[in-house]
Amino acid sequence: AGVGEDSIIDNCTFTDNVADISGGAVYLWSYTADLEIADSTFTGNSAVDGGAVYYSSHSDLTVTGSNFTNNTANYGGAIENEGYGELAVDNSKFVENEAAVSGGAIISSGNASVTNSVFNDNEAAVANTNAIYLWNYNTLALSNNVITGSTDAQILAKGGTTIITPLKVRILDNGTYNIHMSPYTLNATV
């Protein structure tokens with residue numbers, strides 16, 4: 001795409017790509033361009049920021065029907081949305097992605113919406129950011145997701161973030177867990 005033009009990645013496979021800085025497989029920096037990723041697979045990609053996808057824009061990043069497995073980065077093992085645009089994820093899977101710092105699967109500074117998606121065994125060094133870390137005071141909307149992994153909380157939203165979710169928690173063993181939705185903490189024992 002040309003400068004400022006929207007981009008679409010559809011039914012593509014990205015495997016074992018490496019970037020020195022950002023976006024192991026996909027890098028987009030623009031003030032005005034939307035990026036849509038559909039029905040694509042990202043496996044074993046790595047970068048400092050956004051192991052598979054790095055997006056920095058004031059426009060929107062939409063991910064649908066895509067799989068992210070074993071991608072690694074310091075920030076955003078699978079996806080880093082560093083701009084102020086909205087990140088919308090639907091019907092996607094994030095499995096065993098890893099961040100050396102935070103956002104095992106996803107880190108976003110813009111508004112984020114995640115629906116109908118699966119997060120399984122993603123890891124991050126910063127506690128409670130294994131699946132999703134929203135680090136700018138925005139909105140996080142969650143609906144119909146399955147999130148499993150370590151006993152740490154899987155989602156951390158910076159204080160001041162608005163969280164919109166029909167919160168349902170299903171704990172599959174007889175443990176005690178903390179659910180962190182800053183500034184609130186819910187302790188659940190089953």
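Helices (H or I, at least four residues) and strands (E, at least two) are DSSP runs here, numbered from the N terminus. With that in hand, let's walk through the model. It is a predicted one, where local features need pLDDT of at least 70 and side-chain atom pairs count only at pLDDT 80 or more, while totals for chains, interfaces and linings use all residues. Residues are numbered from 1 along each chain as its sequence is written, and side-chain values use heavy atoms, leaving out hydrogens and water.

Start with the sheet. Six strands line up as β3-β6-β10-β14-β18-β21 in an open sheet with parallel pairing, where two strands pair if DSSP finds at least two bridges between them. β3 (26–30) and β21 (155–157) sit at the edges with a single partner strand each, so one side of each has no neighbour in the sheet. From one strand to the next, the twist averages 5°; the angles behind such values run from 0 to 180 degrees between N-to-C directions, with axes as lines fitted to C-alpha atoms, for helices over the stretch in contact.

Now zoom in on one pair inside that order. β14 (residues 106–108) and β18 (residues 132–134) run parallel over 3 bridges. If you look at I106, its bridge partner in β18 is I132.

Next, the loops. N116 lies between β15 (112–115) and β16 (118–120), and its phi is near 50°, a positive value in a residue other than glycine.
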